[in-house]
2 protein chains.
Amino acid sequence: MYYVGIDLGGTNIKTGIVDEQGKIIAKSSIPTKSERTADEVAFDMAFEVLNIVKTNKISMDELVGVGIGSPGAINSGAGIVDYSPNLGWYNVPIAELILKRVKKPVKVSNDANVAALGETLFGAGKGYKDTILVTLGTGVGGGVVIGGKLFEGNESKGAELGHSVIVVNGQQCGCGRRGCFEAYSSATALIRETKEAMLRDRGSKMWDFVGGDIDKVDGKTAFETEKQGDATAKLVVNNYVLYLSEGLLNLCNIFRPEAIMLGGGVCAQGDNLLNRLKTRMQALHYGYQGTPAVDLLIASLGNDAGIIGAAALLMN
Amino acid sequence: MYYVGIDLGGTNIKTGIVDEQGKIIAKSSIPTKSERTADEVAFDMAFEVLNIVKTNKISMDELVGVGIGSPGAINSGAGIVDYSPNLGWYNVPIAELILKRVKKPVKVSNDANVAALGETLFGAGKGYKDTILVTLGTGVGGGVVIGGKLFEGNESKGAELGHSVIVVNGQQCGCGRRGCFEAYSSATALIRETKEAMLRDRGSKMWDFVGGDIDKVDGKTAFETEKQGDATAKLVVNNYVLYLSEGLLNLCNIFRPEAIMLGGGVCAQGDNLLNRLKTRMQALHYGYQGTPAVDLLIASLGNDAGIIGAAALLMN
C-alpha cells in the first residue's frame, strides 16, 4: 500500500508518494500561488495527488490516503486550517476540499507536528515511541510524539514548545510575551545576538567572516568564527548553548521523552552543538541517578520530513 | 464494586474505601513510622487494606484493587518506588509487597500524579479529559491527564512541572538548576519574597500582621495585608502572580489542556488569586482569537485527593 504526503508551504506545494517503510518513491513540486482562493489551491493539490499516483502507475486501490502538513493553526481532528498567515487562510476545511476530489481519507496537521511524526517513525527517532522534535529555524517549532502518536492538545493547539517563557520579562517574542524559548534559541535569535556582539567588538574575527557586511551574518557566523579562536564568537555560542540547553532541559523534565531530536539550520553544527548541549543536560536534568536519560539527536530526514511525516498521519 | 486508595506519606498512611463515583465511604490513618523497613511498612499497609474492607463488611470479591499514591520517584509501570527521600525508600517493589498479601491488583504512582487523576475524575476537573493539576505548596508539584489518563513520561519520570526554568540564571532551585517555576511559585518562594520585602520596608503593615515576628510569615501574609492597602504587600503579590501566570501560560502553550487546576495552601485565596491570573493568561496565551481558552480552576478534593486519586488508578 502507498500514501501521499503533501508538504504545503506558502511558496511551494511538495507532493510525494511514500511507501510503508516511509520511503519517498516519487515527488513533485508546484508553486502555491497563495494569493489565489483556498479552493483553487486545493484543486491543484488534489490534481497533484491524482497525477503523481497515475504517473507512477499506482492504482487508487493501493492508495491508503492523503496526509497534509500545513503551516499555521490547524484543527487536525476536524481537518481544518483554522488560521495560516503564510497561506492567507482562515477557517479552510482542507481535508474536505481534497477528499471530495480524491475520494480517499485525508488527514491534516501542523507542519512541525508532521515533521516530528515523520522523524520518529522513519528518521532519527526510529525505534523510539516517546519523542520531541525541536526545530531551530526562523522560530522554534516543535512536535511531541507520545506512545508513537502525535500529541497535539485541545483542538490541536498545544505543543507550542517555542512559546514557553524561559526568561520572565526577557526578550520580546512575536507571540506577545517576553522571554520565550523561541526568542533565545531560534536562528533569528542567534543572528540577533551575533550582530549585537559584533557591534560591541569591532575587532572580532566575525567581521572578517562576513566580509565586513553585518547583513551577511547568519546562524553559522559565530559557530565558525569560534573555531578560529575568536573570544567574542565563543561568548555568543556559549550563551546560545546555555539558553537552548535550558529550554531543552525543561522539555526533559516536563515530558521525560526517550529522545529529543533537533532540526533546522543550526543543527548543521552537528556534534559541536550536540556535545555541548549533552554535557549541560546530563548534569542538570531532574532526577536521581536512576532517572532515565533523554537521548539528544539531530533530525535526519531534512526537507523530506514534511512529505514523509504528512504521509505518516495515515499510518498513525 | 469498590477500590482502596492509599495516600502514603512520610508521616501517615491514610487508607480509604472509594466507590465507583469517587466517594470515600470509609477511611483510616496510621503513622508510617518510616524508620522501619519497607517490608514492615508494606505489612501495615496491607493490614489496613484487609482491615478496612472487613470492618466495612465489603467482600473481597467486591474489591477491584488497591491504588497507592507515594512521594518520590516512582516507576508506575513496574510498581516500584525507585527513590523516596520522605520514606527513606530506594528501589522498593511496593506493588508486589502489597499484592502478595492482599491478592488483588495493585497500582502505584507519584502522589502529585495521583491527585491530578483524582481531581480530574471526581473533583474540580470533572467533565474534562485533558487537565493539569499544579500544586503550590512547599514545592510546585504537578500531574498531567491526557484523554482521561495519567501522562507520566518515560518510566513515569516526566510531569516534573515545577522543575521547568522560567528565569535562566534565576533563583537557586533544590533540583540543582537556577530559576525553576518552583523557585518562584511555591509557597516557600512566596514566603521568601514576603520576608525580603519586609526587610526592605520596616514600615510595612505586614510586620503588624505577623506581630513583629518575621518567622510567623506564611503564604497568607502578603495577600491579607494587601487587602489593608499596604503597597509593599501589593508588590509582593503582584510579583508572585506575574511569575505564577508565566509558568501557567507555559503549560497552556505546551499542553493546551482544557483546564488547569490549582491546588495547595496558596489557593485558599480563591477568586482573589484566580481572577488576577485569568486576566494575564487570557491576554497572553498563544494563539489567534479562535484558539480554545484554558479554564483555570481551584482543586476541590483537598486532602482527600490522595486517597481518591490512588483509588482512581484502578479505574484508569
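## Reading the meeting of chain A and chain B

Q: Where could we start: how many residue pairs are in polar contact between chain B and chain A?

A: There are 24 residue pairs in polar contact between chain B and chain A, counting pairs where both residues have pLDDT 80 or more. Keep in mind that this is a predicted model.

Q: How many residues are in contact, and what area do the two chains bury?

A: On chain B, 42 residues are in contact with 42 residues of chain A. Together the chains bury about 3900 Å², and 60% of that area lies on carbon and sulfur atoms. Three residues, B:Arg177, B:Ile254 and B:Tyr288, supply 18% of the area that chain B buries against chain A, more than any other three residues.

Q: How should I read salt bridges, and how many does the rule find across the interface of chain B and chain A?

A: Here is the general idea: side chains of opposite charge can pair when their charged atoms come close. In this structure, the rule finds two salt bridges across the interface of chain B and chain A. A search over all chains finds 20 in the whole structure.

Q: Which residue forms a salt bridge with A:Arg177, and where do the two partners sit?

A: The partner is B:Glu246, with the closest N and O atoms 2.6 Å apart. A:Arg177 lies in the loop between strand 11 (149–151) and helix 4 (182–185) of chain A, while B:Glu246 belongs to helix 8 of chain B. Now look for A:Glu246: its side chain meets that of B:Arg177 in a salt bridge, also at 2.6 Å from N to O.

Q: What rotation superposes chain B on chain A?

A: A rotation of 180° does it, with 0.0 Å of shift along its axis and an RMSD of 0.0 Å. The two copies are therefore related as by a two-fold rotation axis.

Q: Why can we say that the copies meet through the same surface?

A: Because 100% of the interface residues of chain B are also interface residues in chain A.

Key:
Residues numbered from 1 in each chain as written. Chains lettered and ligands numbered in written order. Predicted model: local features only at pLDDT ≥ 70, side-chain atom pairs only at ≥ 80, totals over all residues. Heavy atoms only, no water. Contact = heavy atoms within 4.5 Å. Buried area = accessible area lost by both parts, 1.4 Å probe. Salt bridge = Lys/Arg side-chain N within 4 Å of Asp/Glu carboxyl O. Polar contact = N/O pair within 3.5 Å; in protein donor to acceptor, adjacent residues only side chain to side chain. Least-squares fit on C-alpha atoms with pLDDT ≥ 70 in both. Helix = DSSP H or I, 4+ residues; strand = E, 2+ residues; numbered from the N terminus.
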